[in-house]
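Hello,

Here is the structure I promised to pass on to you. Please open it next to this email, and then read on for what turned up in it.

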Amino acid sequence: AVVSTQSTGEEPVKIELPNKWLWDIIEEFVYQFQSFQQFKSKAGKINDEEKSMLRDDEDNVWKVTAVLNILLQLTEKCNINQQLIAMEKGEPITEDIAGEFGLKPIYTMTGFFSLVGLLRLYCLLGDYHMALSCIEHVQFKDKDMMALVPACQITANYYAGFAYLMIRKYANTIQLYQHILGYMQRTKQFFQNRSFQADDINKKNEQMLALLAIASTFCPLRLDESVNIQIKEKQGDKVARIQHGDMAVYDDLFFSGCPKFLSPVVSENPTSPFGSSGPRGLQLQVFKAEVEQQRLIPTLRS
């Protein structure tokens, strides 16, 4: 209801919500769509009644285009990209830039979080260039808007780093992951005191370490000592196997670090174009083609 009201309302709402709540709303919106799409993809595990219900409601329930459009409308409602460009130039945010809605913090922050939602969703769909275009004007800095909600900051860094990895910009992945992993290490106690976030944060930490290990073998830049220690503790055995020529380890690292991909089209046919392993298997094939090309690149520096 909040998402719908903000995206379609003709006048600004006269309420304010904490930034954390606004992030939770957008994050939950994308999560519910992701969960429903994953449910639909398990055609062999649902009964005939559920299949019939899904067919009847196919045009009305959680369509990919509808979800993307809602998030896009939320970004346009407050002119968030124009605001970010102005901030980067050091210009004041006026009504000419932000519009009537963009002057209200509830719309500005919802629009900003929607950019991260779009980044996440396009990554799940495997469109990495579009994912990165959504955050073209976002600054990954500790004092940026993103840092107002640590969970948003971690999510954005994870998906942006993964998108860079998949388009072969390994140095960008390393730069983002080194920074955010260092931040997570410094604020570890903060998240441990919030048990409802701790599991998700720990999982993201493990995923980024796996992906950073991959990026570092393709682009052997010098890593911060604290991050290098984390990689050796969590992925040291796999890195050593890569150094000894075991290319199959890349599969394990990729599956350990990648998100749960979605297909834009869900079919009841088990022999879909994505193969028996679905979109996850397709993305692995794309990644393995790159591994084959990079297999002679120098291994991770000690």
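Of the 302 residues of the protein, 49% count as buried, meaning under 20% relative accessible area with a 1.4 Å probe and protein chains only. Please keep in mind that this is a predicted model, where local features need pLDDT of at least 70, side-chain atom pairs count only at pLDDT 80 or more, and totals for chains, interfaces and linings use all residues. Residues are numbered from 1 along each chain as its sequence is written, and side-chain values use heavy atoms, with hydrogens and water left out.

The fold has 15 helices and 0 strands; these are DSSP runs numbered from the N terminus (helices: H or I, at least four residues; strands: E, at least two). Take the contacts (heavy atoms within 4.5 Å) between residues at least 6 apart in sequence: 74% join residues at least 24 apart.

A search of the whole structure finds 1 cavity of 30 Å³ or more. A cavity is a set of points on a 1 Å grid over the protein atoms alone where a 1.4 Å probe fits but cannot get out, and its lining residues have an atom within 4 Å of a point.

Which residues line the largest cavity? They are Trp23, Ile26, Glu27, Val30, Val116, Gly117, Arg120 and Thr155. Two or more of the lining residues come from each of α2 (19-41) and α7 (105-125), and α2 gives the most, with 4 residues.

Best wishes

Technical notes:
On a 1 Å grid over the protein atoms alone, a cavity is a set of points where a 1.4 Å probe fits but cannot get out, and a pocket is an open set with protein on both sides within 12 Å along at least five of seven lines; lining residues have an atom within 4 Å of a point. Grid points are joined across faces, edges and corners, and a volume is the space filled by probe spheres set on the points. Buried means under 20% relative accessible area, exposed over 50%, partly exposed in between (1.4 Å probe, protein chains only).
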